[in-house]
Amino acid sequence: MKKIKKMLVAVLGLMVASPVVMAAEPVINKGDKVVVGFDDTFAPFGFKDEKGNIVGFDVDLASVVFDKMGVEFEFQPIDWSTKETELNTGNIDMIWNGYTITDEREKVVAFSDAYMDNRQVIIVKADNGIDSKADLADKVVATQAESSALEAILADEAFTKTIDGATPITYATFVEVFADLDNGRADAIVVDETLATYYLSQKDNADSYRILEDNFGEEEYAVGFRKSDSEFVEEFNAALKSVTEEGTFDEIKAKWFVEIKE
């Protein structure tokens with residue numbers, strides 16, 4: 001018994017003598033190359049073209065903003081459903097890909113100034129007779145998992161209760177969501193208006209789809225950072241404002257959003 005007591009005292013002594021080392025919270029240091037996390041299927045903000053190159057509105061905007069800041073960067077494809085985890089564990093330094101500001105995300109992410117408006121719209125096939133949210137009762141609705149579109153649908157509890165299964169079906173990417181509408185597995189899909197307008201502008205049969213007047217509200221896009229990177233966010237906002245005031249932002253927007261009407 002005495003031996004056990006001595007062992008316990010020795011262990012406790014070691015615990016007191018050895019301070020607990022806490023993992024440092026990731027932070028962007030001056031001179032660091034920053035890693036931008038994005039969904040590489042989210043056209044026209046960030047996606048891979050036919051040659052496998054990463055292109056898009058946010059890619060071009062990042063290039064001019066970081067050039068003004070003197071910061072080196074790279075885009076890294078991520079699983080959109082784990083984006084905040086990727087950010088806060090330090091695997092990426094920011095989320096920049098048509099990333100919507102929401103109350104839930106603001107709890108874990110520091111947002112930059114907003115740089116673009118958006119809406120969550122409902123798209124159906126032109127000939128299916130659906131004209132409003134009410135017409136979607138008992139119908140299958142699809143959207144992307146862990147997206148602001150999903151949050152917007154679930155926030156409308158009265159609507160959600162009426163659809164098939166009382167919840168939308170979800171997919172990892174909006175490419176799969178559109179495919180679900182095309183093959184008839186979904187009666188309607190909810191997607192970002194910016195993505196929808198670009199996507200339809202690229203299709204020869206765009207007139208076979210309709211965007212309903214009913215929608216799930218307006219929102220804003222911003223860049224998501226760790227809360228520990230407040231100093232970097234301040235510098236980033238200054239550079240973003242400068243790019244906007246110089247007219248470069250509008251030039252990039254015109255390149256990617258010719259079909260979008262304000």
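A: Start with Glu86, which is buried (under 20% relative accessible area; over 50% is exposed, in between is partly exposed, with a 1.4 Å probe and protein chains only) and yet has no salt bridge: Arg226, the nearest side chain of opposite charge, is 9.3 Å away. Charge here means Lys and Arg as positive and Asp and Glu as negative, with His and the chain ends not counted. A salt bridge needs a side-chain nitrogen of Lys or Arg within 4 Å of a carboxyl oxygen of Asp or Glu. This is a predicted model, in which local features need pLDDT of at least 70 and side-chain atom pairs count only at pLDDT 80 or more, while totals for chains, interfaces and linings use all residues. Residues are numbered from 1 along each chain as its sequence is written, and side-chain values use heavy atoms, with hydrogens and water left out.

Q: Where is Glu86 found, and which residues is it in contact with, leaving aside neighbours within four places in sequence?

A: Glu86 is in helix H3, residues 83–88. Helices (H or I, at least four residues) and strands (E, at least two) are DSSP runs numbered from the N terminus. With neighbours within four places in sequence set aside, Glu86 is in contact (heavy atoms within 4.5 Å) with Ile78, Asn91 and Ile92.

Q: Which side chains do meet in a salt bridge?

A: Arg226 is one to look at: its side chain meets that of Asp229 at 3.2 Å, N to O, and both residues are buried. Compare Lys48 and Asp40, which meet at 3.7 Å, N to O. Lys48 is partly exposed, with 43% relative accessible area, and Asp40 is partly exposed too, at 22%. Across the whole structure a search finds 14 salt bridges, and Lys83, Glu84, Arg105 and Glu151 are linked in a network of them.

Q: What does a salt bridge such as Asp131 with Arg210 tie together?

A: The closest N and O atoms of Asp131 and Arg210 are 3.3 Å apart. Asp131 lies in the loop between strand S8 (116–125) and strand S9 (141–144), and Arg210 in strand S12 (residues 209–225), so the pair ties together parts 79 residues apart in sequence. For the chain as a whole, residues 24 or more positions apart account for 75% of the contacts with a separation of 6 or more.

Q: How do I read a pair of aromatic rings?

A: A pair is described by the distance of the centres and the angle of the planes. Rings of Phe, Tyr and Trp (its six-membered ring) pair if their centres lie within 6.5 Å; planes under 30 degrees apart are stacked, over 60 edge-to-face, and the rest tilted. The whole structure has 22 aromatic pairs. Phe42 and Phe45 have ring centres 5.5 Å apart and planes at 20°, so they are stacked. Both Phe42 and Phe45 are buried. Phe45 and Phe57 have centres 5.9 Å apart and planes at 85°, so that pair is edge-to-face. Since Phe45 lies in the loop between strand S2 (41–42) and strand S3 (46–48) and Phe57 in helix H2 (residues 57–69), the pair ties together parts 12 residues apart in sequence.

Q: What about charges over rings?

A: Such a charge has NZ of Lys or CZ of Arg within 6 Å of the ring centre and within 35 degrees of the ring normal. The charged end of Lys133 sits over the ring of Phe216, 4.1 Å from its centre. Lys125 lies over the face of Tyr209, at 5.6 Å from the ring centre.

Q: What span should H2 have?

A: The expected span is 1.5 Å times one less than the number of residues. The 13 residues of H2 should span 18 Å, and the end C-alpha atoms are 18 Å apart, which agrees. Its buried residues include Phe57, Leu61, Val65 and Met69. Gly70 follows H2, with a positive phi near 70°.

Q: Which backbone features deserve a look?

A: Most residues other than glycine have a negative phi, and most peptide bonds are trans. Here the bond from Ala43 to Pro44 is cis, with omega near 5°, and Pro44 is in the loop between S2 and S3. Glu146 is not a glycine, but has a positive phi of about 55°.
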